[in-house]
Amino acid sequence: MGGGHHHVTPGSEPRKDQDLQAIKDAKIPLAWRDTCSHILINLNKCRRETFWNPNKCEHDRHIYEECEYNAYLQRVEAKVQVDKIKAAESD
């Protein structure tokens with residue numbers, strides 16, 4: 001079992017360039033506005049249309065959760081890079 005081989009599903013990539021007006025129109029709370037908000041808009045629309053039936057929006061939810069995981073991996077990698085720079089400066 002090797003690690004570090006995460007395959008990204010198409011459409012689940014975090015994006016920094018968000019359509020802020022679409023997020024505002026979808027009434028996404030500020031706490032949920034991040035690099036995966038573009039996916040949350042479609043997920044919440046599906047949830048409302050299906051009365052929050054957990055079996056109906058599985059694919060959208062999976063894509064959203066994978067996007068959040070990919071965003072986490074990006075933050076971890078950025079932290080590793082910052083730590084390397086700080087370690088090199090302190091030497």
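Biologist: Which residues does asparagine 44 touch, not counting residues up to four places away in sequence?

Modeller: Asparagine 44 touches Ile28 and Trp52; contact means heavy atoms within 4.5 Å. Before we go on: this is a predicted model, where local features need pLDDT of at least 70, side-chain atom pairs count only at pLDDT 80 or more, and totals for chains, interfaces and linings use all residues. Residues are numbered from 1 along each chain as its sequence is written, and side-chain values use heavy atoms, with hydrogens and water left out.

Biologist: Why is asparagine 44 called buried?

Modeller: Buried means under 20% relative accessible area, exposed means over 50%, and partly exposed is in between (1.4 Å probe, protein chains only). Asparagine 44 has 14%, so it is buried.

Biologist: And what makes valine 80 partly exposed?

Modeller: Its relative accessible area is 34%, so valine 80 is partly exposed. Valine 80 lies in helix 3, residues 58-90; helices are DSSP runs (H or I, at least four residues), numbered from the N terminus.

Biologist: How do you know what span to expect for helix 3?

Modeller: The expected span is 1.5 Å times one less than the number of residues. Helix 3 has 33 residues and reaches 48 Å from its first C-alpha to its last, close to the 48 Å expected.

Biologist: What do the buried residues of helix 3 pack against?

Modeller: They pack against helix 2 (37-49). Among the buried residues of helix 3 are Ile63, Tyr64 and Cys67.

Biologist: Why is the link of cysteine 36 and cysteine 67 called a disulfide?

Modeller: A disulfide is a pair of cysteine sulfur atoms within 2.5 Å, and the sulfur atoms of cysteine 36 and cysteine 67 are 2.1 Å apart. Cysteine 36 lies in the loop between helix 1 (20-25) and helix 2, and cysteine 67 in helix 3, so the pair ties together parts that are 31 residues apart in sequence. The torsion about their S-S bond is about -90°, so this disulfide is left-handed.

Biologist: How many disulfides are there by that rule?

Modeller: The count comes to 2. Cysteine 46 and cysteine 57 form a disulfide too, with sulfur atoms 2.0 Å apart. Cysteine 46 is in helix 2, and cysteine 57 is in the loop between helix 2 and helix 3.

How values were computed: Helix = DSSP H or I, 4+ residues; strand = E, 2+ residues; numbered from the N terminus.
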